[in-house]
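Please read the briefing below alongside the sequence and the three-dimensional structure, which are shown next.

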Amino acid sequence: MRTTIAIVRRELGVYLTTIIAYCGFGLMSFMTGLLFVSQLSRFQQIADAAVARQDPSVLERMNVNDMILGPTQSSQLWLFLFFVPFITMRLIAEEKAQRTFELLMSSPVRSIEVVLGKFFAVGVLIGILALLPLIYPVILDAYGNGSRGGGAVEWAPVWSSTLSVFLLGLTYASIGLLCSSVADSQIVAALLTFAVLFGGYLLPVMAARVEGDWRYFLEYAAPVTHVGRGMEGRVHVKDLVYFATVILASLALTHRVVESHRWR
Amino acid sequence: MIEVRGLTKRYRDHVAIRDLSFTIGQGEIVGFLGPNGAGKSTTMRILVGALPATSGQAIIAGHDVFEDPMAVKRRVGYLPEIPPVYLDMTAREYLTFVARLRGVRRKDIKAEVERVAERAGVDHVLPRLIANVSKGYRQRVGIAMALIGSPDVLILDEPTVGLDPIQIEQVRKLILDLAATKQHTVIVSTHILSEVKATCSRAIIIARGTIAADAPIAELEAQHGASLETVFTKLAAA
């Protein structure tokens with residue numbers, strides 16, 4: 001356990017003392033910020049138009065969760081698709097290239113501790129990235145008013161979206177870690193991760209072209225399906241099970257790959 | 001302290017080492033000698049548990065390397081041929097990290113890092129990024145790393161490669177100092193003969209994966225009636 005923490009601290013140190021983490025934070029803030037501002041002004045235009053037409057039914061149906069926060073948070077999914085391969089590519093591939101893997105192999109550290117240490121370190125980064133856009137509901141809640149009094153924001157769907165985004169990030173990170181353990185160079189690791197993640201992104205497109213069990217299977221296999229429900233404010237056990245399964249399977253495979261370096 | 005019996009390592013069709021057997025006692029400084037590709041590094045990596053053997057047995061400080069690798073790793077300090085240093089860390093951060101990995105108690109870490117840094121002569125580069133220090137210092141940071149936790153056994157794979165003559169002298173002196181304490185059993189691999197003469201009491205000459213000779217250096221020279229150079233060339237070519 002102590003060695004796991006030592007590895008988490010080292011990996012986080014690398015991310016936070018180099019430009020990598022800040023690129024991610026900056027990009028995440030910029031992208032979500034851009035979407036937030038544009039969705040907010042669209043919301044205002046529609047509201048103004050409804051007021052001008054004196055159409056209260058439109059105003060009643062409008063809410064900031066669906067029209068502003070939803071699109072803003074869903075942009076995180078895209079960002080993870082491109083950013084996670086960059087942060088996970090170095091995890092194990094770099095150790096192999098720099099020959100520092102030998103240190104871990106000859107230290108009194110179990111393979112599983114190495115794998116978990118690296119995964120948790122990325123998990124912390126993903127957690128920060130998932131939490132960054134919470135600034136927007138805070139702003140809306142501070143300045144907006146709900147139609148029935150109270151704040152403008154309904155918090156339950158915000159939390160469930162944040163949880164979904166976080167779980168998706170962790171899932172991507174576990175896949176990235178696996179790819180990094182298989183690849184010998186960082187570039188290969190990043191490309192491989194991106195290929196796998198992008199493939200997962202395309203699954204719903206493929207699902208739309210087939211029928212029956214295959215369709216059900218492809219839809220279930222696509223990460224987007226499971227995030228989607230969370231984004232709408234529904235936390236299903238089957239979605240949590242899906243994320244847990246992919247994460248645990250990837251970590252178990254990574255463990256096997258790392259372990260295999262001991263008998264190659 | 002170190003007992004190796006019938007150690008063999010095969011990579012598919014290629015046999016890296018064949019049926020190695022030797023014993024090294026507590027406090028001995030042994031030179032592991034051989035031309036490049038003779039199987040020195042392979043043997044060392046097996047001894048530290050970084051690589052499994054195809055067959056055979058290795059016991060270090062009473063623990064079988066294959067049965068109980070964790071116990072062995074806690075008792076062995078290992079410096080690979082290329083020092084496994086993280087270029088993006090300072091020497092202090094790096095040594096602290098390794099101390100944590102090796103299970104040094106939290107309150108002792110700072111003192112331990114200072115101790116090994118002073119021992120390896122890198123105390124004044126502790127605050128510098130490893131990427132910015134010379135190759136010689138990187139090598140010595142590697143040696144400091146191997147010393148963390150005062151392991152019973154030190155395994156140094158070509159510790160003087162790439163160093164300038166003054167640094168080589170310093171590393172040799174360091175090994176001799178360690179030898180003088182009698183606390184560490186040291187294996188130094190090298191293909192530089194003068195190094196073995198300068199630091200070791202005994203040489204194991206290994207050629208094409210088998211042991212060609214295993215005797216105190218003086219005895220080797222007496223036996224073959226020549227200097228170590230001649231003995232080495234003769235045995236390695238045989």
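## A helix with one buried face

In helix H12 of chain A (residues 223-231), the buried residues are A:Pro223, A:His226, A:Val227, A:Gly230 and A:Met231, where a residue is buried if 20 or more other C-beta atoms lie within 10 Å of its own, exposed if 12 or fewer, and partly exposed in between, with C-beta atoms placed from the backbone. Viewed down the axis of H12(A), these buried residues fall within an arc of 140 degrees, so they line one face of the helix; the arc is that of the directions from the helix axis to the C-beta atoms. An α-helix has 3.6 residues a turn, so residues three or four places apart point the same way. Helices (H or I, at least four residues) and strands (E, at least two) are DSSP runs, numbered from the N terminus.

This is a predicted model, in which local features need pLDDT of at least 70 and side-chain atom pairs count only at pLDDT 80 or more, while totals for chains, interfaces and linings use all residues. Residues are numbered from 1 along each chain as its sequence is written, and chains are lettered from A and ligands numbered from 1 in the order in which they are written.

**Backbone with positive phi**

- H12(A) is followed by A:Gly233, whose phi is positive, near 95 degrees.
- B:Arg12, a residue other than glycine, has a positive phi near 50 degrees, and is found in the loop between strand S1 (2-11) and strand S2 (14-24) of chain B; B:Arg12 counts as exposed because it has 5 C-beta neighbours inside 10 Å.
- B:Glu158 also is not a glycine, and has a positive phi of about 45 degrees; the loop that holds B:Glu158 lies between strand S7 (153-157) and helix H6 (165-181) of chain B, and B:Glu158 counts as buried because it has 22 C-beta neighbours inside 10 Å.

**The sheet of chain B**

- An open sheet of 6 strands has the order S6-S7-S8-S3-S9-S10 (chain B), with mixed pairing; two strands pair if DSSP finds at least two bridges between them.
- S6 and strand S10 (210-216) of chain B stand at the edges with a single partner strand each, so one side of each is left without a neighbour in the sheet.
- The twist averages 15 degrees from one strand to the next.
- Strand S6 (residues 76-79) of chain B is covered on both faces, with B:Val76 and B:Tyr78 on one side and B:Gly77 and B:Leu79 on the other, all of them buried.
- S6(B) pairs with S7(B) in the parallel sense over 4 bridges; B:Leu79 has B:Leu156 of S7(B) as its bridge partner, and B:Gly77 stands opposite B:Leu154 in S7(B).
- In S7(B), 5 of the 5 residues are buried, so this strand is largely enclosed by the rest of the structure; B:Val153, B:Ile155 and B:Asp157 lie on one side, and B:Leu154 and B:Leu156 on the other.
- S7(B) also pairs in the parallel sense with strand S8 (residues 185-190) of chain B, over 5 bridges, and the bridge partner of B:Val153 in S8(B) is B:Thr185.
- Strand S9 (residues 202-207) of chain B and S10(B) run antiparallel and are joined by 6 bridges, with B:Ile211 of S10(B) as the bridge partner of B:Ile206.

**Helix packing within chain A**

- Helix H2 (residues 19-52) and helix H4 (residues 64-88) of chain A pack at an angle of about 155 degrees, with their axes 9 Å apart; axes are lines fitted to C-alpha atoms, for helices over the stretch in contact, and angles run from 0 to 180 degrees between N-to-C directions.
- H2(A) and H4(A) are therefore roughly antiparallel to each other (angles under 35 degrees count as roughly parallel, over 145 as roughly antiparallel, 65 to 115 as roughly perpendicular and the rest as oblique).

**Where the chains meet**

- 17 residues of chain A are in contact with 18 residues of chain B, two residues being in contact if their C-beta atoms, placed from the backbone, lie within 7 Å.
- The largest share of the side of chain A that touches chain B, 5 residues, comes from H1(A).
- The axes of H1(A) and helix H3 (residues 91-101) of chain B come within 8 Å and cross at roughly 160 degrees, and the two helices are therefore roughly antiparallel.
- A:Arg2, A:Thr3, A:Ala6 and A:Arg10 in H1(A) meet B:Phe97, B:Arg100 and B:Leu101 in H3(B).
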